[in-house]
Amino acid sequence: MKAIRLTKVGKPLEMQEIPLPSLGEKDVLVEVKAAGICHSDVHYRAGNSPVGPLPQTLGHEIAGIVKKAGSRVKHLQVGSRVCLHYQLSCGDCSYCRRGMEQFCSTGMMLGKYCDGGFAEYIAVPARNALVLPEEIPFAQGAIMMCSSATSFHALQKARLKPSERVAVFGAGGLGMSAIQLARTLGAFEVYAVDINEEKLQLAGKYGAIPINSSRSDPVAQIYHRTDARGVDVAVELIGLPETMSQAVRSLATFGRAVLVGITDKPFPVNSYFELLGKEAEIIGCADHLFCELAPLIELVRRGRLDLSQVVTGMIPLEAGVVNKAMDAMEKFGSGIRTVISL
Ligand SMILES: [Zn+2]
Ligand SMILES: [Zn+2]
């Protein structure tokens, strides 16, 4: 089968012809119909986050059709439409048993530590394959499993309550989900902070109040619009020290800033004015939980989370085109989410 693989960190991905993956009795073989390209993939290619062993097929946002099911697979049949949970966890270690399976001691991530979805087929444990309802197109099913799931988890970590005010820093793939989910979970006002006017317009369509941070200080704009109160929840999805600091500084009393964007650079916090004095919190957020996926899929099926405008590009499974899409993401291009469609 064809697979687009990272053979060397810092080099473009390459198309390779590799054998079909073998199948255990509790696994399913999935014919990939859609695989989203994520900012994490760009980081893996560039060598900013660990990945391997190489060569490795990238891609962790995957939806497709079950082609073969192991003898002990019960809940799926050949022909089932599925989307894949990218965290492979053991289910038995102390983390898994306490519902923290994203920290599983033998956990693996598809497209990072084992072969992912930039390929014609992928084999996964059947428990990682969730039924994708007919109403949800494959491309949306794919991106839902990363960007939407992470945004959903971030809002759970934020303990968002109805009637609260939320600021979402970064109106990209994650941001569009975070905005809609915050509103669905009862936020009265959602501010979208970005420098890209096109993204802010789409954020506005999804019900956010756009704040262009290239024009003036977004923290001042948030304070101005909230009668100097600030927001109860700030979600940082960009991964820049500057926007992390802005997220913290935009908090109201008892506010919670959830940091999702990845950077290895520190950012300054004035602990007295920005945290202690407000009893504000800074919360880290990594991945999402398996138990969050079923309600998320249902929200998309019911149209409470609309991803139809989020997939802005569909490309074929070709190394050159995929590398080009990743180059554009590296420069924070205007497209929101590109999906490899098969
Ligand atoms: Zn992703
Ligand atoms: Zn485990």
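Author: A salt bridge is a side-chain nitrogen of Lys or Arg within 4 Å of a carboxyl oxygen of Asp or Glu. This is a predicted model, in which local features need pLDDT of at least 70 and side-chain atom pairs count only at pLDDT 80 or more, while totals for chains, interfaces and linings use all residues. Side-chain values use heavy atoms, with hydrogens and water left out, and residues are numbered from 1 along each chain as its sequence is written.

Reader: How far apart in sequence are the parts that the pair of E281 and R159 ties together?

Author: E281 and R159 form a salt bridge whose closest N and O atoms are 2.7 Å apart. Helices (H or I, at least four residues) and strands (E, at least two) are DSSP runs, numbered from the N terminus. Because E281 lies in strand β16 and R159 in the loop between α3 and β11, the pair ties together parts separated in sequence by 122 residues.

Reader: Is R45, the partner of E330 in a salt bridge, buried or exposed?

Author: The closest N and O atoms of E330 and R45 are 3.3 Å apart, and the pair links helix α10 with helix α1. Buried means under 20% relative accessible area, exposed over 50%, and partly exposed in between (1.4 Å probe, protein chains only). E330, at 39%, is partly exposed, whereas R45, with a relative accessible area of 6%, is buried.

Reader: Which residues are linked with E298 in a network of salt bridges?

Author: The side chain of E298 meets that of R302 in a salt bridge of 2.8 Å, N to O. E298 is partly exposed at 27%, while R302 counts as exposed at 57%. The residues linked with E298 in the network are E135, R301 and R302.

How values were computed. Chains lettered and ligands numbered in written order.
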